[in-house]
Amino acid sequence: MAAVRRWSEGMSSDNIKGLVLAISSSLFIGASFIVKKKGLKKAGASGVRAGVGGYSYLLEPLWWFGMITMVVGEIANFAAYAFAPAILVTPLGALSIIISAVLAHIILREKLHTFGILGCALCVVGSTTIVLHAPQERQIESVTEVWDLATEPGFLFYTALVLTAVFTLIFHFVPQYGQTHIMVYIGVCSLVGSISVMSVKALGIALKLTFSGMNQLLYPQTWAFTLVVASCVITQMNYLNKVMVTHCLFFFWYLLFLF
């Protein structure tokens with residue numbers, strides 16, 4: 001309790017806003033996966049399943065309701081990155097696992113076993129530990145500062161490795177093993193997500209500074225980050241739909257958080 005008290009006293013108002021937004025985001029996103037999966041199953045019963053390349057779910061209102069719920073959650077998550085450091089916001093995504101697990105057990109009848117409960121508990125413990133010891137975020141005065149960090153040799157090398165791995169998975173492994181090995185889809189989503197975190201953070205800072213009177217929309221770097229975010233979101237949504245149709249939601253969430 002003493003550690004929690006010291007932590008709360010040392011948090012800035014922006015960090016508190018980011019914390020609340022991140023928790024709200026997890027609630028919406030966790031529930032959205034349940035609604036979307038029900039929509040995908042309903043659409044697959046009367047058309048071509050998303051798991052084999054079908055897009056009949058685009059005509060299913062239930063899927064769109066889940067999609068809107070996810071968008072609300074992602075907007076809250078996006079705003080959270082603008083107020084709080086990524087190391088504080090990202091681990092709170094584990095709450096989505098708990099929410100999805102409980103709702104999947106109740107609504108989708110996917111039984112949560114002992115190891116599933118243990119995994120959820122470990123997610124909570126790990127996320128809480130990281131959040132309680134999150135460092136102070138450095139002050140960013142312009143989106144160009146984030147661009148300078150993103151274009152450092154180390155991060156560029158990492159990005160090149162990630163893109164190579166993603167294209168290898170998409171063009172070589174997905175056609176052959178996508179339907180039978182969940183790791184292929186999870187690998188694409190997780191690798192792309194690791195790049196999107198930097199861009200989402202940068203775009204959130206740009207909008208926050210713009211609303212405070214320091215227009216960042218004049219910088220081409222802002223639009224470059226916007227393009228990266230859009231590309232990452234579209235790619236992740238496509239493969240998330242495929243994996244939700246072909247695999248159990250518990251297993252999907254566990255592997256996605258593991259990566």
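A crossing of two helices is right-handed if the near helix is turned clockwise from the far one by less than a right angle. Keep that in mind for the second view below. The model shown here is predicted.

View 1. Of the 259 residues in the chain, 43% are buried. Contacts also reach across the sequence: among those with a separation of 6 or more, 79% are between residues 24 or more positions apart.

**View 2. Helix α2 packs against helix α5.** In general, a packed pair of helices is described by the angle between the two axes and the distance between them. For α2 (residues 13-44) and α5 (residues 94-108), the angle is about 35 degrees and the axes are 8 Å apart. The way α2 passes α5 is a right-handed crossing. On the α2 side, the residues making the contact are I23, S26, L27, I29, G30, A31, F33, I34, K37 and K38. Facing them from α5 are L95, S96, I99, S100, L103, A104, I107 and L108. Sorted by class, that makes 12 nonpolar, 4 polar and 2 charged residues.

View 3. Look for V20 in helix α2. What is the separation between the C-alpha atoms of V20 and N77? The answer is 9.7 Å, although the two residues are 57 residues apart along the chain.

**View 4. S199 is a buried residue of helix α9.** Helix α9 covers residues 182-211, and S199 lies in it. Is S199 buried or exposed? With a relative accessible area of 4%, S199 is buried, because the cut-off for buried is under 20%. Leaving aside residues up to four places away in sequence, S199 touches F225, V228 and V229.

**View 5. K208 is a partly exposed residue of helix α9.** K208 is found in helix α9 too. Its relative accessibility is 29%, which lies between the 20% and 50% cut-offs, so K208 counts as partly exposed. Which residues does K208 touch, not counting those up to four places away in sequence? They are D14, A82 and F83. The C-alpha atoms of K208 and A79 are 8.5 Å apart, while 129 residues separate the pair along the chain.

View 6. C189 has a relative accessible area of 3%, and C232 has one of 7%. Both values are under 20%, so C189 and C232 count as buried. A disulfide is a covalent bond between the sulfur atoms of two cysteines. With a cut-off of 2.5 Å between cysteine sulfur atoms, the count comes to 0 disulfides.

Methods
Residues are numbered from 1 along each chain as its sequence is written. This is a predicted model: local features need pLDDT of at least 70, side-chain atom pairs count only at pLDDT 80 or more; totals for chains, interfaces and linings use all residues. Side-chain values use heavy atoms; hydrogens and water are left out. Axes are lines fitted to C-alpha atoms, for helices over the stretch in contact, and angles run from 0 to 180 degrees between N-to-C directions. Helices (H or I, at least four residues) and strands (E, at least two) are DSSP runs, numbered from the N terminus. Contact means heavy atoms within 4.5 Å. Ala, Val, Leu, Ile, Met, Phe, Trp, Tyr, Cys and Pro count as nonpolar, Asp, Glu, Lys and Arg as charged, and the others, Gly among them, as polar. Buried means under 20% relative accessible area, exposed over 50%, partly exposed in between (1.4 Å probe, protein chains only).
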